[in-house]
Amino acid sequence: MVEIPEGNGSGIVWDTQGHIVTNYHVIGSALSNNPAYGQAVARVTLLNVDGSQKAYAAILVGADKTKDLAVLKIDCPPEVLRPVTLGQSSKLRVGQRCLAIGNPFGFDHTLTVGVISGLNRDISTQVGGIISGSIQTDAAINPGNSGGPLVDSSGNVIGINTAIFTRSGTSAGVSFAIPVDVVAKTVPQLIMFGKVLRPGLNVQLAPDSVAKQLNVKNGALVLSAPETSAAGKAGLLPTKRGLAGNIILGDVIVAINNVPIKTSLELSKILDDYQVGDQVFLKVERDNNLTELSFRLEESNQ
């Protein structure tokens with residue numbers, strides 16, 4: 001089981017404008033009250049170069065449950081801010097040394113050392129989202145580390161510490177971080193729009209368990225495709241009932257831009273690599289024949 005503690009946590013200074021990046025679940029209790037953007041939701045304590053500390057009220061700029069990321073903003077002099085340097089998680093290798101910085105159990109500014117013990121892990125968030133490509137490390141991560149940086153030996157941020165695999169509530173040597181490539185893609189959108197503009201088909205797909213019951217072995221079965229959606233306008237056919245009450249299967253999406261798709265979950269993960277407005281080609285199975293549809297991805301409303 002993956003436990004993601006909530007409450008006290010850590011964060012990183014993103015820029016000299018005062019933007020602070022942390023995990024969504026760290027401020028989840030404050031966000032559950034549906035605060036307006038620009039409303040104070042937390043307090044951020046900065047450790048200055050001279051060793052002094054000062055706390056600032058932090059307002060909400062943007063948040064995304066699916067990626068477990070949130071952006072806050074504090075009002076402080078730019079000269080006291082030290083933005084992080086971003087690395088590249090795509091270049092990481094298993095066995096590479098890494099360091100986790102955070103405030104485990106309230107012990108502020110704690111550093112733990114470990115190695116990258118796994119890459120491309122898929123972890124579930126509390127709201128049912130999937131963070132793909134996550135970094136697994138044996139660096140000790142405990143409650144309070146969430147939202148803090150995972151850095152390489154050069155001090156470049158390679159991930160945001162987010163979860164632990166445990167049965168005792170404390171670090172068991174299996175911890176996870178959101179890869180910095182995902183963070184670098186998500187945070188600018190949160191700052192600009194307050195949310196992530198996530199591309200989607202805006203159709204309803206059958207759960208994989210239901211699709212298997214309907215004898216769909218590979219692909220994502222379309223249950224409904226509103227005519228107002230881009231996919232519906234492109235001709236994607238939904239599942240429906242015949243005159244005798246029998247189920248007539250709709251289109252089964254088996255590939256997107258020639259990348260094979262086995263399940264609806266795989267389709268969601270692949271769409272994360274695209275942007276709203278990108279032109280895509282869907283290969284669908286229809287009446288035992290393959291058909292190709294082309295359209296532009298629109299912003300997901302799900």
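## About the model

This is a predicted model, in which local features need pLDDT of at least 70 and side-chain atom pairs count only at pLDDT 80 or more, while totals for chains, interfaces and linings use all residues. Residues are numbered from 1 along each chain as its sequence is written, and side-chain values use heavy atoms, with hydrogens and water left out.

## The chain as a whole

The protein chain has five helices and 22 strands; these are DSSP runs numbered from the N terminus (helices are H or I with at least four residues, strands E with at least two). Its C-alpha atoms fill a box of roughly 75 × 40 × 30 Å along the principal axes.

Of the 302 residues, 45% count as buried, where buried means under 20% relative accessible area, exposed over 50% and partly exposed in between (1.4 Å probe, protein chains only). Taking contacts (heavy atoms within 4.5 Å) between residues at least 6 apart in sequence, 57% join residues at least 24 apart.

Strands count as paired if DSSP finds at least two bridges between them. Within this pair, Lys283 stands opposite Glu292 of E21. Two residues lie between the strands of the hairpin, and Asp287 in the turn has a positive phi of about 55°.

## A five-stranded sheet

Another place to look is an open sheet of five strands in the order E2-E3-E6-E5-E4, with antiparallel pairing. Its edges are E2 (12-13) and E4 (40-47), each of which pairs on one side only.

Inside this sheet, E5 (residues 53-64) and E6 (residues 69-74) are joined in the antiparallel sense over six bridges. Ala63 has Ala70 in E6 as its bridge partner.

## Helix H2

H2 (residues 180-193) has 14 residues and reaches 20 Å from its first C-alpha to its last, close to the 20 Å expected at 1.5 Å a residue; that expected span is 1.5 Å times one less than the number of residues. Its buried residues include Val180, Val183, Val187 and Leu190. After H2 comes Gly194, with a positive phi near 80°.

## A buried serine

Ser134 lies in strand E9 (residues 130-137). This serine counts as buried because its relative accessibility is 0%. Leaving aside residues up to four places away in sequence, Ser134 touches Gly118, Leu119, Asn120, Arg121, Ile123, Ala177 and Pro179.
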